[in-house]
Amino acid sequence: MNTVRMDNLSWVDYEARIKAGAVVFLPCGATEQHGPHLPLGTDALLASALSEDVARAVNGVVAPALSYGYKSQPKCGGGQHFCGTTSLDGATMSALVRDAVREFHRHGVRRLVLVVGHFENQWFVTEGIELALRELGPQAGLEVMRLEHWDFCREDTLADVFPDGFPGFALEHAAVIETSLMLHYFPHLVRLDSIPDDGPADFPPYDMYPARTEWVPPSGVLSSAKGSSVEKGLRMADDIVSGIVAAVCHEFGVQAAQ
Ligand code: ZN
Ligand code: MN
């Protein structure tokens with residue numbers, strides 16, 4: 001039984017892995033529109049797939065993804081007005097993370113990595129970690145790493161992936177990075193012939209509530225996904241996986257598997 005997926009392990013096998021000191025990875029995704037060409041589960045699917053590649057390299061375990069995230073924002077996820085986008089209040093999201101972290105600690109996990117795959121989750125995931133650590137107290141012995149996986153894309157990679165200039169991670173919603181990574185991991189879920197011509201979206205330097213939905217391209221894509229390719233996806237996945245492996249080995253003192 002060599003799986004890295006917690007949901008495929010019996011509790012007995014899971015316990016043995018934790019007792020052996022396995023690092024646990026918790027992908028934090030969303031259920032959110034990703035244009036007409038990508039599935040609603042893109043953020044959780046990618047965070048999970050990347051986590052599984054990392055876990056294989058460090059003998060880790062990947063927990064089932066948190067598949068709902070904080071509310072989609074117009075400037076980085078298109079906003080809440082799209083059918084299918086299904087979001088949590090911030091307090092709910094933080095409580096979900098807090099409870100999960102506390103449960104992993106109860107299992108005996110002492111090294112936990114929260115892999116954020118949805119831009120809007122960042123501070124609510126942070127809050128959940130903070131609340132759990134405060135509740136568990138200073139003797140808990142639990143160390144938590146939080147990361148946004150796209151931050152591990154190297155600058156030389158981004159320069160090659162975006163020959164006309166990188167629009168920034170916020171506008172990369174359902175665009176070249178996510179579409180290329182999906183082509184690498186889940187090609188059967190990508191509809192290349194449905195990629196719209198929209199973008200890049202041009203937002204003012206402020207937000208409005210209720211949201212001005214007319215600021216957002218009707219397709220939900222914030223910058224063009226036209227330049228996406230499986231080769232770009234492989235290169236970015238390599239950056240992200242090798243970068244997270246290195247960070248985990250550095251911070252947690254684990255050895256990468258051969
Ligand atoms: Zn996304
Ligand atoms: Mn998202």
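This is a predicted model: local features need pLDDT of at least 70, side-chain atom pairs count only at pLDDT 80 or more; totals for chains, interfaces and linings use all residues.
Residues are numbered from 1 along each chain as its sequence is written, while chains are lettered from A and ligands numbered from 1 in the order in which they are written. Local features need pLDDT of at least 70, side-chain atom pairs count only at pLDDT 80 or more, and totals for chains, interfaces and linings use all residues; side-chain values use heavy atoms, with hydrogens and water left out.

Let us start at the metals. Glu32 (OE), Asp43 (OD) and His118 (ND1) coordinate the manganese ion (ligand 2) at 2.0 to 2.3 Å. Donors here are N, O and S atoms within 2.8 Å of the metal (3.2 Å for Na, K and Ca), and sites may look incomplete because water is not among the atoms. Along the sequence, the donor residues follow the spacing E-x10-D-x74-H. Asp43 sits in helix H2 and His118 in the loop between strand S5 (111–116) and helix H5 (122–136), 75 residues apart, so the pair links distant parts of the chain. Helices (H or I, at least four residues) and strands (E, at least two) are DSSP runs, numbered from the N terminus. Asp43 also coordinates the zinc ion (ligand 1), 3.4 Å from the manganese ion (ligand 2).

Asp43 is buried, at 3% relative accessible area, and His118 is buried at 1%. Buried means under 20% relative accessible area, exposed over 50%, and partly exposed in between (1.4 Å probe, protein chains only).

Now for the backbone. Most residues other than glycine have a negative phi, and most peptide bonds are trans. Asn59, however, has a positive phi of about 55°, in the loop between helix H2 (42–58) and strand S2 (61–62). Ala174 has a positive phi of about 60° and is buried at 0%. Finally, the peptide bond from Tyr209 to Pro210 is cis, with omega near -5°; Pro210 lies in the loop between helix H7 (176–185) and helix H8 (230–252).
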